[in-house]
Amino acid sequence: MSQKRKRTPSPQPRTSDIFVSEPIHDRQSTFTAYYSPTVPAKELQSHADIATASHRILAWRKPSTQQVIRAKLQASLAQKLYDVGHDDDGEKYAGKRVERVLETLQAEGALVVARWYGGVMLGPVRFSHIETCAKEAVERWKEHVEDGVRKKRKAEEDELERVRLVRVLGERDQSIGVLRALAVEKEAMAAQSANEKAAGAATIKASVAEDAMANSFQESTGGTTARNATALEGRNRPAPLTTPTKTIDYAVMALEQLARLEKARDATIGFLLKRIDKAEALAKQASSAGSESAVSGKEPS
């Protein structure tokens, strides 16, 4: 092994944005990798967690300030250059292998593989351990970046959905107001048709009366029928529905709450549509029965 040079103490590196591999243990030696895209190389090499390591093998790869411009298919293409390097730190040939990991994975930043030597020489397999934990540290950073991208995309999608729900709920409220008014109107028309049907029955009875006693009886029942029709109208007429004047501020609500409200509004609209259909059916039934009785001269059932 090459001589390990002494190092002067350095300030402790930042602990954020550092990604660590699982340790590899082999015959009393332990290997662990530390990668950071932002912490300076020498600062990462002096991390407190690896201060006792026998070797702290370092490699770095960072964008160069130079730019090479070349022509390709009559167009200019900027090729990115990197400043690269490594420090074996007493583990001969290991630094270049760590540097190659950064290049293969197209990672920028600093990568340190710490080895705690246990007194047993491992031979060439030590390079495999060094590369394996180095790749794992970089892959953990990539997973972190991809997770951040997914979370950002999810947040953007949630915000778009929230904006849609705010708009849709406002439209639903307007539709519910219109449908409620229409339901009340249709139910009132159905009640009126039912009253007209009852009044028509009384008229037919009066027209077929043959004697004075029947006429007298008809007059009394006619008054009763009129009173019953008035009472029936009062019972059948739906209570007036009032729409709250207070406007709901959907913009301040959470996405989950808005989604629940959308389902509730859809259910309300479905219920109102059934009320309207029922009222129209009753009105049509009463109208048809009245027309048939007028043609046949018989009392509608």
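**Figure 1. Helices and strands of the predicted protein chain.** The protein chain of this predicted model contains 5 helices and 6 strands, where helices (H or I, at least four residues) and strands (E, at least two) are DSSP runs numbered from the N terminus. In sequence order, the elements follow the pattern β-β-β-α-β-β-α-β-α-α-α. Residues are numbered from 1 along each chain as its sequence is written. Because the model is predicted, local features need pLDDT of at least 70 and side-chain atom pairs count only at pLDDT 80 or more, whereas totals for chains, interfaces and linings use all residues; side-chain values use heavy atoms, with hydrogens and water left out.

Figure 2. Of the 301 residues of the protein chain, 31% count as buried; buried means under 20% relative accessible area, exposed over 50%, and partly exposed in between (1.4 Å probe, protein chains only). The chain exposes about 19200 Å², and carbon and sulfur atoms supply 55% of this area. Accessible areas come from the Shrake-Rupley method with a 1.4 Å probe, and for residues only the protein chains shown count as cover. Among contacts between residues at least 6 apart in sequence, 74% join residues at least 24 apart, a contact being heavy atoms within 4.5 Å.

**Figure 3. The nonpolar cores.** In soluble globular proteins, nonpolar side chains tend to be buried together. A nonpolar core is here a set of buried Ala, Val, Leu, Ile, Met, Phe, Trp, Tyr and Cys residues joined through side-chain atoms within 4.5 Å. The largest such core has 23 residues, and those with the most contacts inside it are Tyr 35, Val 98, Leu 102, Leu 111, Val 113, Ile 130 and Val 138. Two or more residues each come from S3, strand S4 (55-72), H2, S6 and H3. The most is given by H3, with 7 residues. A second, separate core of 11 residues includes Ile 18, Tyr 34, Ala 53 and Leu 58.

**Figure 4. The buried side of helix H2.** Within helix H2 (residues 94-104), the residues Ala 94, Gly 95, Val 98, Glu 99, Val 101 and Leu 102 are buried. These residues lie on the same side of H2 because they cover an arc of only 150 degrees around the axis; the arc is that of the directions from the helix axis to the C-beta atoms.

Figure 5. Gln 106 belongs to the loop between H2 and strand S6 (109-116) and is exposed, with a relative accessible area of 53%. Arg 27, also a residue other than glycine, has a positive phi near 50 degrees. Arg 27 lies in the loop between strand S2 (24-26) and strand S3 (29-36), and is partly exposed at 44% relative accessibility.

**Figure 6. Arginine charges over aromatic rings.** The charged end of Arg 61 sits over the ring of Tyr 82, 3.8 Å from its centre. Likewise, the charged end of Arg 97 is placed over the ring of Phe 127, 4.4 Å from its centre. A charge sits over a ring if NZ of Lys or CZ of Arg is within 6 Å of the ring centre and within 35 degrees of the ring normal.

**Figure 7. The loop position of Gly 119.** Gly 119 is part of the loop between S6 and helix H3 (125-207) and counts as exposed at 52% relative accessibility. Gly 119 and Ser 29 are 90 residues apart in sequence, and 7.7 Å separates them in space, C-alpha to C-alpha.
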